[in-house]
Amino acid sequence: MRAVVIRVTEASVVIEGKVNGKIGKGFLVLLGIGPEDTEAEAERLAEKVCNCRVFEDENGKMNLSLDQVGGALLVISQFTLYADLKKRRPGFSHAAKPEIAIPLYEKFMAVCRGRGFTVEQGEFGADMQVASVNDGPVTLLFDTAAI
């Protein structure tokens, strides 16, 4: 699994002209799922993201986690994180098919909710317009192959 995690002051997703999810301070998570990914990886990645200490403490040091600042998550499925970029036109055969990806996308969010976080979301496979105000900017790349 791959996740681009963006520390935001606000983020939202619009589908068919309607706001589907919106958060204030927290993480915008662009989540990509590969065909070999498992529930265990979804759980491990969710724990890593939820425990990531990138919010500033009283001394201006990135030392606080999402729960310590009362943050939320907006999770967007992002199959393009598995794009094959060898040619000019990206290929997406390295992304998981929906029957694998959807349950793992849901599992990732369930683990985050189980930790007590507010989790807003996009809609798997939908055409979405995602807006965010990147705070810092702080943008992190997680890959379960490396963690």
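Predicted model: local features only at pLDDT ≥ 70, side-chain atom pairs only at ≥ 80, totals over all residues.
Residues are numbered from 1 along each chain as its sequence is written, and side-chain values use heavy atoms, with hydrogens and water left out.

Me: What makes the pair of Phe-27 and Phe-55 tilted?
Reply: Rings of Phe, Tyr and Trp (its six-membered ring) pair if their centres lie within 6.5 Å, and planes under 30 degrees apart count as stacked, over 60 as edge-to-face and the rest as tilted. The centres of Phe-27 and Phe-55 are 5.3 Å apart and their planes stand at 35°, so the pair is tilted.

Me: Why is Phe-27 called buried?
Reply: Buried means under 20% relative accessible area, exposed over 50%, and partly exposed in between (1.4 Å probe, protein chains only). Phe-27 has a relative accessible area of 1%, and is therefore buried; Phe-55, with 3%, is buried as well.

Me: Why is the pair of Phe-79 and Phe-92 called edge-to-face?
Reply: The planes of Phe-79 and Phe-92 are 75° apart, with 4.9 Å centre to centre, and planes over 60 degrees apart count as edge-to-face. Phe-79 is partly exposed at 49%, and Phe-92 is partly exposed at 34%.

Me: How do you know that the charged end of Arg-2 sits over the ring of Tyr-82?
Reply: A charge sits over a ring if NZ of Lys or CZ of Arg is within 6 Å of the ring centre and within 35 degrees of the ring normal; the charged end of Arg-2 sits over the ring of Tyr-82, 4.1 Å from its centre.
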